[in-house]
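Colleague: I would like to go through this structure and ask what lies behind the labels. Please set each value against its definition.

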Amino acid sequence: MIGRPRCLRPSGGARVRHTLLGALAGVAALLATGVTATPAGAAPQPGAVTPSAQERALAFWTPQRMREATPLDVLSVDRSDVRASAPREGKATVVAPSAPASAVGPLAFPHGGGPWSGGGAVAKTAGRVFFTYQGRTASCSGNAVTSANKSTVMTAGHCVKLEGAWHTNWVFVPGYHDGQRPYGTWTAAKTLSTPQWKASEDINYDIGAAVVAPLDGKKLTDVVGGQGLAFNTGYNKAMYAFGFPAAAPYDGERFVYCSGTTFRDFLLSSDHGLTCDMTGGSSGGPWFTQFNEATGTGLQSSVNSFKYNFLPNAMYGPYFGADAQNLYQSAQSS
């Protein structure tokens with residue numbers, strides 16, 4: 001319906017009434033149809049994951065469960081459910097990539113959405129995120145970034161917490177393609193989000209992070225490298241967005257990208273907007289400024305967050321301001 005944004009349908013069909021949560025599209029978490037999962041257990045504190053829960057999550061995510069993650073239906077929410085807020089800004093800050101350079105093939109710019117065939121560092125740092133939500137399987141996208149702990153993944157806030165509950169069985173699969181896990185499955189030791197997302201699920205702050213445990217004695221970015229980040233660097237930028245959309249016409253098995261010059265949302269948020277046809281499952285995938293087409297590296301400046309149902313070819317992502325920067329600092333120091 002015109003004038004109404006998309007949102008996730010919560011378990012039981014309850015109406016969503018949050019600060020701008022109504023803008024969340026089927027781009028949000030992919031929840032499986034008819035597949036029941038046993039959560040990894042209650043976390044001792046919000047976002048924390050015990051070692052035993054990490055082991056259960058690793059065993060839980062079989063290839064079949066990953067394949068069966070499918071989009072949840074969406075519903076419309078009235079504008080009266082929405083209260084706008086603007087992200088806090090701060091000093092412009094850039095963190096350089098740590099991913100090794102590798103060749104990328106010819107690219108199209110701008111591009112409204114299609115399989116990424118260029119390779120390069122981004123094909124290793126980005127990946128699919130899998131978790132359980134209200135007893136059902138789900139998926140999003142995420143990206144490994146340069147960090148002091150070499151273990152930080154950036155994603156969307158609703159890909160770590162939704163409807164007041166932290167997701168369980170949370171894992172990150174970098175370089176996922178066609179059911180393959182070339183760099184392994186990394187379990188979350190801790191998941192985090194911005195204070196505004198934790199408090200009211202404000203779409204302007206739909207940013208999440210995870211600190212993943214070592215795998216086979218190695219840390220994440222020692223294996224796949226890490227992309228850079230940029231905070232407080234403004235709007236109307238040339239950007240590339242990546243993710244693993246799984247709703248039609250996509251199937252979650254391919255790495256997809258969009259590119260173009262962003263615009264500031266003039267409707268209900270203070271987010272970046274980009275012409276992009278990615279669908280459910282791409283939530284949490286990285287947006288890059290200063291993306292180097294020769295190496296596949298860039299500065300992560302946002303994540304796939306939501307779509308309006310009357311603008312199906314536009315994707316929106318939160319502005320990386322002061323609170324996004326604080327979230328990154330908290331994650332990398334964990």
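The questions and answers below take up the labels one at a time.

Colleague: What should I know before we start?

Modeller: This is a predicted model, in which local features need pLDDT of at least 70 and side-chain atom pairs count only at pLDDT 80 or more, while totals for chains, interfaces and linings use all residues. Residues are numbered from 1 along each chain as its sequence is written, and side-chain values use heavy atoms, with hydrogens and water left out.

Colleague: How many salt bridges are there in the whole structure?

Modeller: The search finds three. The term requires a side-chain nitrogen of Lys or Arg within 4 Å of a carboxyl oxygen of Asp or Glu.

Colleague: Why is the contact of glutamate 253 with arginine 128 called a salt bridge?

Modeller: The closest N and O atoms are 3.8 Å apart, and the limit is 4 Å, so the pair counts. Helices here are DSSP runs of H or I with at least four residues, strands are runs of E with at least two, and both are numbered from the N terminus.

Colleague: What places arginine 128 over the face of tyrosine 176?

Modeller: Arginine 128 is at 5.0 Å from the ring centre. The definition asks for NZ of Lys or CZ of Arg within 6 Å of the ring centre and within 35 degrees of the ring normal. The distance of 5.0 Å is therefore inside the 6 Å limit.

Colleague: Which residues form the salt bridge of lysine 150, and where do they lie?

Modeller: Lysine 150 pairs with aspartate 222, the closest N and O atoms being 3.2 Å apart. Lysine 150 is in the loop between β7 (136-144) and β8 (152-155), and aspartate 222 is in helix α5 (residues 220-224), so parts 72 residues apart in sequence are tied together.

Colleague: Why is aspartate 222 called exposed, and what is lysine 150 called?

Modeller: Buried means under 20% relative accessible area, exposed means over 50%, and partly exposed is in between (1.4 Å probe, protein chains only). Aspartate 222 has 51%, so it is exposed. Lysine 150 has 35%, so it counts as partly exposed.

Colleague: Is glutamate 201 buried or exposed?

Modeller: Glutamate 201 has a relative accessible area of 1%, so it is buried. Glutamate 201 also forms a salt bridge with lysine 161, with the closest N and O atoms 3.2 Å apart. Lysine 161 is buried as well.

Colleague: What makes the phi of glutamate 201 worth a remark?

Modeller: Phi is near 55°, a positive value in a residue other than glycine. Most residues other than glycine have a negative phi, and most peptide bonds are trans. Aspartate 178 also has a positive phi, of about 50°, and is not a glycine. Aspartate 178 sits in the loop between β11 (168-174) and β12 (186-193).

Colleague: Which peptide bond is cis?

Modeller: The bond that joins alanine 248 and proline 249 is cis, with omega about 10°. Proline 249 lies in the loop between β15 (238-243) and β16 (256-261).

Colleague: Why are tyrosine 240 and tyrosine 257 called a stacked pair?

Modeller: The structure holds 23 aromatic pairs. In this one the rings are 6.5 Å centre to centre, with 20° between the planes. Rings of Phe, Tyr and Trp (its six-membered ring) pair if their centres lie within 6.5 Å, and planes under 30 degrees apart count as stacked, over 60 as edge-to-face and the rest as tilted. The angle of 20° is under 30 degrees, so the pair is stacked. Tyrosine 240 and tyrosine 257 are both buried.

Colleague: What makes helix α6 mostly covered?

Modeller: Eight of the 11 residues of α6 (residues 322-332) are buried. Among them are Ala322, Leu327 and Tyr328.

Colleague: How do you know that β18 and β21 pair?

Modeller: Two strands pair if DSSP finds at least two bridges between them. Four bridges join β18 (residues 272-275) to β21, so they pair, and they run antiparallel. Glycine 273 stands opposite tyrosine 316 in β21.
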